[in-house]
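Subject: Structure for handover

Hello,

I am passing this structure on to you. Please look through it first; my notes on what was found follow below.

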Amino acid sequence: FVMENGMRRALENGDFLLYYQPKVNLVTGEITAMEALVRWDHAELGIIAPSDFIPLAEETGLIIPLGEWVLRQACAQNKWWQDQGHFRLRVAVNLSGYQLQQAEFLEVVRRALADTGLDPQYLELEITETVVMQNPDFTVRLLDQLCEMGIHISIDDFGTGYSSLSHLKRFSVNTLKMDKSFVKGVAENGPDAAIATAIISMGRSLNLSVIAEGVETEGQLEFLKKTECDEVQGFLFSKPIPPEEVLRFMKGRG
Ligand code: G
Ligand code: G
Ligand code: NA
Ligand code: MN
């Protein structure tokens, strides 16, 4: 209860911030997107990770205004980077299932794009496999509409839910984001390597790009190059960083 009021006040006071973690194309080495990851900058506790407040935000319904703030802030930040001539990349925003269920969700997305002036092709939405598969008929229609708007869609934490090829082919999505639990062991030639290989090959046959998250070692990177994974993300390239550091990170890459 105390935490709920704190979160409400934090939203009013502007105490949430977004960190960004790059996604890298494995062939060209180019940065393709920056994933926005929310943090709570708490006066006494310091920076609080999303796993410590997103579940409560979902229980209390605060995820709706918080999620809208994240979306608008990420779009505005990306538009600012573009207007300053820094770079043109997608900004990726994580969505909670509760946001998708909102009747006015599409309107919220349209408004965020219109108000910030960000071109829809530079917005990516990450939706977890579990959420996508909860109500496939509903999701098919929603993803079709987002896709028609020109937005990039990724299925997050892919491999941890229950996707069948028959469901997957109905969804208008661009990218499968392979869960970091499989990426962990890929260099060891055991079950993780087999699962990762299957996901990458499934992505290719469905004409979807595949990104591996949680890449931490050169060994994992080598495996992912060899199996022709399209993109990677992880501490090997960068941890999530505040927006000022994003500029330094991009300049440092030349
Ligand atoms: O940033 P970190 O690596 O600690 O993220 C932990 C979890 O919180 C991840 O599962 C991530 O998807 C989720 N998360 C981060 N930012 C957001 C957000 O803005 N909205 C939602 N719904 N989840 C987020
Ligand atoms: O659920 P989602 O995929 O959005 O989660 C992103 C989370 O993964 C964030 O908490 C982020 O900090 C974390 N993360 C990002 N890169 C790595 C990595 O290379 N290794 C590990 N262990 N976690 C990572
Ligand atoms: Na994500
Ligand atoms: Mn993920």
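**Ligand 1 and its surroundings**

A nitrogen atom of ligand 1 has a backbone N or O atom of asparagine 94 at 3.4 Å. Please keep in mind that the model is a predicted one.

Two further polar contacts belong to this site. A nitrogen atom of ligand 1 is 3.1 Å from a polar backbone atom of valine 38, and an oxygen atom of ligand 1 is 2.7 Å from a polar side-chain atom of arginine 39. On its own, ligand 1 has 500 Å² of accessible area, and the protein covers 71% of that.

The shell around ligand 1 consists of Leu37, Val38, Arg39, Pro50, Ile54, Val70, Asn94, Leu95 and Ser96. By class, six of these residues are nonpolar, two are polar and one is charged. Which element gives the most to this shell? Strand 2, residues 31-42, does, with three residues. The largest pocket is the space that ligand 1 takes up.

**Ligand 2**

Around ligand 2 there are 13 residues, and the closest are Gln21, Lys180, Glu213, Glu216 and Phe235. This shell divides into six charged, four polar and three nonpolar residues.

For lysine 180 the distance is 3.0 Å. For glutamate 35 it is 3.4 Å, and for aspartate 157 it is 3.4 Å. The protein covers 73% of the 520 Å² of accessible area that ligand 2 has on its own.

**The metal ions**

Which residues supply the protein donors of the manganese ion (ligand 4)? They are Asp156 and Asp157, each through OD, and Glu213 through OE, at 2.1 to 2.3 Å from the ion. Along the chain, the donors follow the spacing D-D-x55-E.

A sodium ion (ligand 3) lies 3.9 Å from the manganese ion (ligand 4), and aspartate 156 coordinates both.

Aspartate 157 is in strand 6 (residues 152-158), while glutamate 213 is in the loop between strand 8 (209-212) and helix 11 (218-226), so the pair ties together parts that are 56 residues apart in sequence.

Regards

Conventions: Residues are numbered from 1 along each chain as its sequence is written. Chains are lettered from A and ligands numbered from 1 in the order in which they are written. This is a predicted model: local features need pLDDT of at least 70, side-chain atom pairs count only at pLDDT 80 or more; totals for chains, interfaces and linings use all residues. Side-chain values use heavy atoms; hydrogens and water are left out. A residue is near a molecule or strand if one of its heavy atoms lies within 4 Å of it. A polar contact is a pair of N or O atoms within 3.5 Å; within protein, one must be able to donate a hydrogen and the other to accept it, and residues adjacent in sequence count only if both atoms are side-chain atoms. Accessible areas come from the Shrake-Rupley method with a 1.4 Å probe; for residues, only the protein chains shown count as cover. Ala, Val, Leu, Ile, Met, Phe, Trp, Tyr, Cys and Pro count as nonpolar, Asp, Glu, Lys and Arg as charged, and the others, Gly among them, as polar. Donors are N, O and S atoms within 2.8 Å of the metal (3.2 Å for Na, K and Ca); water is not among the atoms, so sites may look incomplete. Helices (H or I, at least four residues) and strands (E, at least two) are DSSP runs, numbered from the N terminus. On a 1 Å grid over the protein atoms alone, a cavity is a set of points where a 1.4 Å probe fits but cannot get out, and a pocket is an open set with protein on both sides within 12 Å along at least five of seven lines; lining residues have an atom within 4 Å of a point. A molecule sits in a cavity or pocket if more than half of its atoms lie within 2 Å of its grid points.
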